[in-house]
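Here is a short report on one structure. Look at the model first, then read on.

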Amino acid sequence: VQGGRVVDSIERLVNPGVKLSPFVVKLTGIDNYTLAEQPTLAEVWPEIEAFIGADVLVAHNAAFDLACLNRAAQACSGR
């Protein structure tokens with residue numbers, strides 16, 4: 001966001017390697033069939049990491065999103 005205007009964003013679906021629960025499917029509208037055709041987090045992580053860089057993230061549920069991104073960073077870096 002620059003000057004109150006969204007200048008760029010990123011959205012990616014990834015294959016989590018596990019089946020989603022019926023609750024998550026109902027909540028998100030995303031189903032297991034759709035995710036089965038998506039790349040893994042490890043495959044898209046370099047793009048996500050490059051997008052984030054040293055910038056500030058803006059998110060609807062930032063605490064949840066940041067926790068997920070931190071776990072992803074650890075998993076994809078082998079730590």
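Trp45 touches Leu69, Ala72, Ala73 and Cys76, leaving aside residues up to four places away in sequence. Contact here means heavy atoms within 4.5 Å. The model is predicted: local features need pLDDT of at least 70, side-chain atom pairs count only at pLDDT 80 or more, and totals for chains, interfaces and linings use all residues. Residues are numbered from 1 along each chain as its sequence is written, and side-chain values use heavy atoms, with hydrogens and water left out.

**Helix 3**

Helix 3 spans residues 41–52. Helices are DSSP runs (H or I, at least four residues), numbered from the N terminus. Val44, Trp45, Ile48 and Ile52 of helix 3 are buried. Because they cover an arc of only 130° around the axis, they sit on the same side of helix 3. The arc is that of the directions from the helix axis to the C-beta atoms. An α-helix has 3.6 residues a turn, so residues three or four places apart point the same way. On the other side of helix 3, Glu43 and Ala50 are exposed. Buried means under 20% relative accessible area, exposed over 50%, and partly exposed in between (1.4 Å probe, protein chains only).

What do the buried residues of helix 3 pack against? They pack against helix 4 (62–77).

**The core**

The largest nonpolar core has five residues: Val44, Trp45, Ile48, Ile52 and Ala72. Helix 3 gives the most to this core, with four residues. Such a core is a set of buried Ala, Val, Leu, Ile, Met, Phe, Trp, Tyr and Cys residues joined through side-chain atoms within 4.5 Å.

**After helix 3**

Gly53 follows helix 3, and its phi is positive, near 50°. Ala59 lies in the loop between helix 3 and helix 4. Ala59 is partly exposed, with a relative accessible area of 34%.

**The largest pocket**

The largest pocket is lined by 38 residues; Ile10, Glu11, Arg12, Asp65 and Leu69 lie nearest its centre. Helix 4 gives the largest share of this lining, eight residues. The table divides the lining by residue class.

| Class in the lining | Count |
|---|---|
| Nonpolar | 26 residues |
| Polar | six residues |

Ala, Val, Leu, Ile, Met, Phe, Trp, Tyr, Cys and Pro count as nonpolar, Asp, Glu, Lys and Arg as charged, and the others, Gly among them, as polar. On a 1 Å grid over the protein atoms alone, a pocket is an open set of points where a 1.4 Å probe fits, with protein on both sides within 12 Å along at least five of seven lines; lining residues have an atom within 4 Å of a point.

Terms used:
Helix = DSSP H or I, 4+ residues; strand = E, 2+ residues; numbered from the N terminus.
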